[in-house]
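Trainee: Could we go through this structure together, one question at a time?

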Amino acid sequence: MAELSFSRENKWLRRLLIMVSFVFITVMLILPLVQVLAQVWDFGFKNFWEAVTDEYTLKALKLSILTMISAVTLNTLFGLAAAWAITRFRFWGKGLLITLIDIPFAVSPVIAGLVFIMTFGRLGWTYPFLEAHDIKIVFATPGLVLATIFVTFPFVAREIIPVLLSRGTDEEEAAMLLGSGFFQLFRRVTFPHLKWALLYGIILCTARALGEFGAVSVVSGHLRGKTNTLPLHIEILFREYHTAQSFSAAAILVAAAILILVFRNILEHVSEKDREF
Amino acid sequence: MSYLSIIVLIPMISLAVESSGLGVRGFWDTVTDTRTLIACRVSFLCSLAGALVNAVFGLILAWVITRYRFPLRRLIDGLIELPFALPTAVAGISLTVLTTDNGWLGKPVFDLFGIRIAYTQLGIILAITFITIPFVVRSIQPVLEQLSRDYEDAGLLLGAGRTRVFFQIVLPEIKPALLTGFSLAFARGLGEYGSVIFIAGNIPFQTEIAPLVIMSKLEQFNYDQATAVAVLMLFFSFTIMFFVNRLQAKISRFTGEH
């Protein structure tokens with residue numbers, strides 16, 4: 001009897017909890033998504049297309065993609081190097097390196113932007129040098145790229161480090177003893193283990209780089225058509241009460257986000273299968 | 001190492017140097033300015049509220065996803081990371097339109113309870129909650145998956161009620177993970193800018209958040225003061241991060257993972 005009452009209680013609790021989850025997910029996650037689509041729907045396809053192919057929107061999109069590609073490429077290379085160094089070598093300042101990697105997670109994006117203004121801006125101590133060589137960083141594309149790199153660089157390294165740590169160095173040592181060179185060793189022995197973690201890190205990094213707002217907003221200077229990334233462009237349109245245009249531009253990013261999400265879920269599924277064999 | 005120095009270390013140091021230019025007196029005056037203090041309080045309380053909401057719902061979501069099998073479970077699981085994938089500016093404008101007096105969510109809430117969401121602190125809490133949903137769920141989920149159900153069954157067999165089993169067997173196991181997720185959400189909420197500024201309305205002394213104070217001081221070319229506020233915020237976030245790192249060391253001791 002006692003067991004029966006347990007299971008009955010459990011059933012109601014179960015239904016309640018599942019319902020709470022559905023309501024929470026619907027209100028918090030699905031509704032905002034549907035809102036974007038509804039705005040675009042009301043706007044009509046023709047207007048939407050016009051807004052999306054607007055000169056400034058396209059320029060902003062191009063700049064966003066450029067920034068994203070630079071940040072993701074550099075951070076992938078850095079992430080691999082840092083993760084390798086941390087897990088395979090002992091050196092002075094290792095603890096510091098590990099701490100530094102986490103800094104962007106702890107820092108507000110606005111502060112991330114601010115530090116670049118302070119370093120490379122008119123008041124920064126590198127300014128006389130930059131001025132003399134006619135290099136523009138702040139309020140120009142390099143600044144946007146730097147700020148995006150800053151905000152996104154923990155992603156790749158953080159995903160790979162645990163994998164490298166848990167794998168240990170036995171297999172690599174064996175390969176080395178058998179006469180494998182570094183690149184062969186990396187490609188044949190290390191890479192197969194960390195490819196899923198690496199891909200996952202790259203996906204996270206891409207999503208964040210594409211959507212970064214706070215840090216980029218500080219260093220951009222909001223020159224329309226020049227240093228405006230897509231998220232910043234959306235902000236400007238929204239503030240000018242071009243709500244529908246703003247949502248049209250947002251729809252591009254929503255599509256990208258959904259694509260990233262789907263890709264991530266497929267990746268998780270495939271990597272789980274891969275691990276079973 | 002040198003890449004990291006260029007990207008992180010040098011800029012951070014120049015921040016410290018810059019704020020020292022203000023002097024102790026000037027620094028103190030800036031951070032104890034009423035507007036700054038109120039903005040910090042708004043940031044602090046709203047992120048705390050957002051993190052608490054997430055702690056409750058995150059726990060429920062993680063539990064439901066790992067323990068129950070039901071239709072659309074995979075969809076819910078997959079959607080959890082949406083706030084990471086969706087640009088914050090998009091989340092910001094969408095939540096704003098949703099919660100204004102004519103919005104799908106704002107209108108019924110206002111008609112029923114007379115409460116406004118957009119352009120109030122409630123809006124800030126909503127935005128922060130949205131942004132930080134994944135943290136708590138994804139912190140607890142792996143621990144719940146690994147947790148053997150034998151202990152729970154043993155507890156039940158020995159005559160403990162469901163509530164007692166949850167509070168005395170399950171909760172102690174997931175507590176470090178719950179706290180980690182909570183702190184990460186809290187830290188992220190403190191620094192969040194993109195999604196909040198749209199829905200907050202940014203009324204000084206009411207719905208202005210700390211990162212916005214930095215931003216507006218920057219726009220007035222008040223670099224010293226912007227830096228002073230930034231240093232204050234950094235102090236808070238580093239304290240939280242320190243706490244998280246100690247918690248994570250504790251968790252890895254439990255699960256034997258790295």
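Trainee: Among contacts in chain A between residues at least 6 apart in sequence, what percentage join residues at least 24 apart?
Mentor: Happy to start there. This is a predicted model, in which local features need pLDDT of at least 70, side-chain atom pairs count only at pLDDT 80 or more, and totals for chains, interfaces and linings use all residues. Residues are numbered from 1 along each chain as its sequence is written, with chains lettered from A and ligands numbered from 1 in the order in which they are written. Taking contact to be C-beta atoms, placed from the backbone, within 7 Å, the share joining residues at least 24 apart is 78%.

Trainee: How many helices and strands are there in chain A?
Mentor: Both are DSSP runs numbered from the N terminus, helices being H or I of at least four residues and strands E of at least two. Chain A has 13 helices and 0 strands.

Trainee: How are helix 7 and helix 10 of chain A oriented to each other?
Mentor: Axes are lines fitted to C-alpha atoms, for helices over the stretch in contact, with angles from 0 to 180 degrees between N-to-C directions. The axes of helix 7 (residues 141-152) and helix 10 (residues 182-211) of chain A come within 9 Å and cross at roughly 135°. Angles under 35 degrees count as roughly parallel, over 145 as roughly antiparallel, 65 to 115 as roughly perpendicular and the rest as oblique. Helix 7 and helix 10 of chain A are therefore oblique.

Trainee: Which residues of helix 10 of chain A make that contact?
Mentor: Helix 7 of chain A contributes A:Thr148, A:Val151 and A:Thr152. Their partners on helix 10 of chain A are A:Cys205, A:Arg208 and A:Ala209.

Conventions. Two residues are in contact if their C-beta atoms, placed from the backbone, lie within 7 Å.
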